[in-house]
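Here is a short briefing on one protein chain. Please keep the sequence and the structure open as you read.

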Amino acid sequence: MSLTTALRAALGIALLTVMDAVVKGQMQQHGFLLALFMRFAMGGLAALLVLAIARPPRPTRASLTGNLIRVPLVVLTAGSFFYSISVLPLAEALTLSFLAPVFVALLGALLLRERIDNRVLQALGFGLAGMLVMVWPRLQGHVSGAGLGVAAALFSAVSYAFNLILLRRIATREHPVVIVAFQAVGPAILLAIPAWQVMQPMGWRDLAAYGLAGVLGVAGHLLLTSAYARAPAAKLAAIEYTALIWASLLGFVFFAEVPLYTTFAGAVLIVAGAVAVSRR
């Protein structure tokens with residue numbers, strides 16, 4: 001994996017984490033379902049604009065089928081994750097979702113026949129150890145409940161792993177703009193009727209916030225999709241761990257969420273794993 005591909009994936013993760021923080025802020029006043037719909041609706045508009053500018057080739061029938069299959073999976077992944085960050089601190093929700101790279105590496109080997117070398121195993125080991133260090137206080141009962149949020153984050157991790165494996169299959173033969181357009185417009189259509197039932201009046205500030213979330217989501221997914229088209233899923237999986245750094249900073253600055261010392265201890269292990277897998 002080249003340094004450019006690793007940086008592309010890392011920047012994509014950073015943008016998506018900022019988007020998570022924006023949506024978390026909006027969920028405090030609009031609720032989970034409406035905020036989820038608005039994120040995809042605004043993302044869909046941004047994706048269609050990029051699609052009109054880029055004018056990629058039309059998707060093949062096989063690609064169309066693969067993209068459509070991913071749409072409900074995207075809804076399940078994003079929905080469970082956004083619910084988790086609505087009831088858990090941003091950094092903790094991200095920490096629990098870090099089981100996903102483990103599943104990605106294993107599924108990548110089983111479904112894509114990607115070789116898992118020692119560096120990938122080392123990176124995944126560091127990442128898993130770091131995650132366990134950070135969730136230890138919660139497992140010991142030293143941090144208050146929110147069991148549904150924990151369950152949602154873990155479900156999102158499993159769903160996200162399958163999502164990335166399907167993305168890897170499509171990304172090698174489809175234009176990234178087409179993939180991102182499907183995963184933004186499709187969920188917005190699926191969520192339109194349920195969201196209409198809980199629709200609330202919105203001011204310009206709210207619309208601007210959702211617009212920002214949409215742009216960040218499209219830009220982040222474009223970078224991440226293009227990275228997955230250039231490198232094996234298992235090697236890029238460890239770079240997902242860099243989201244913890246951004247989540248901790250954003251949670252502290254915007255939501256007054258102070259990470260525990262175990263968060264920083266786990267972050268050292270996680271970053272070490274990400275560096276190991278990115279090294280030539």
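**Thr5 and its surroundings**

Leaving out residues up to four places away in sequence, Thr5 touches Ala227, Arg230, Ala231 and Leu236. Thr5 itself lies in helix α1, which covers residues 3-30. Bear in mind that this is a predicted model.

**Burial of Thr5**
- Thr5 has a relative accessible area of 5%. Buried means under 20%, so Thr5 counts as buried.

**Overall make-up**
- The chain has 12 helices and 0 strands.
- Read from the N terminus on, the elements run α-α-α-α-α-α-α-α-α-α-α-α.
- The chain has 280 residues, and 52% of them count as buried.
- Take the contacts in the chain with a separation of 6 or more: residues 24 or more positions apart account for 91% of them.
- The accessible surface of the chain comes to about 13000 Å². Carbon and sulfur atoms hold 71% of that surface.

**Helix α3**
- Helix α3 takes in residues 61-87, which is 27 residues.
- At 1.5 Å a residue, α3 should span 39 Å. The C-alpha atoms at its ends are 40 Å apart, which agrees.
- Where is the kink in α3 centred? It is centred on Pro72, and the kink is about 30°.

**Arg55, between α2 and α3**
- Arg55 is found in the loop between α2 (32-54) and α3.
- The phi of Arg55 is near 50°. That is a positive value in a residue other than glycine.
- Is Arg55 buried or exposed? Its relative accessibility is 71%, and exposed means over 50%, so Arg55 counts as exposed.

**Ala256, between α11 and α12**
- Ala256 lies in the loop between α11 and α12 (261-278).
- Ala256 is not a glycine, yet it has a positive phi of about 55°.
- The relative accessibility of Ala256 is 63%, so this residue counts as exposed.

**The nonpolar patch and Phe254**
- Which residues make the nonpolar surface patch? They are Phe252, Val253, Phe254 and Val258, and the patch is about 470 Å².
- Phe254, one of the patch residues, has its place in helix α11 (residues 243-255).
- Phe254 has 60% relative accessibility. The cut-off for exposed is over 50%, so Phe254 counts as exposed.

Definitions and conventions
Residues numbered from 1 in each chain as written. Predicted model: local features only at pLDDT ≥ 70, side-chain atom pairs only at ≥ 80, totals over all residues. Heavy atoms only, no water. Patch = residues over 30% accessible without salt bridge, like charges linked within 9 Å, V, L, I, M, F, W, Y side chains within 5 Å. Areas by Shrake-Rupley, 256 points an atom, 1.4 Å probe, with all protein chains shown as cover. Salt bridge = Lys/Arg side-chain N within 4 Å of Asp/Glu carboxyl O. Helix = DSSP H or I, 4+ residues; strand = E, 2+ residues; numbered from the N terminus. Buried < 20%, exposed > 50% of the residue type's maximum accessible area, 1.4 Å probe, protein only. Expected span 1.5 Å × (residues − 1). Bend = angle between axes of the 7 residues up to and from the residue. Contact = heavy atoms within 4.5 Å.
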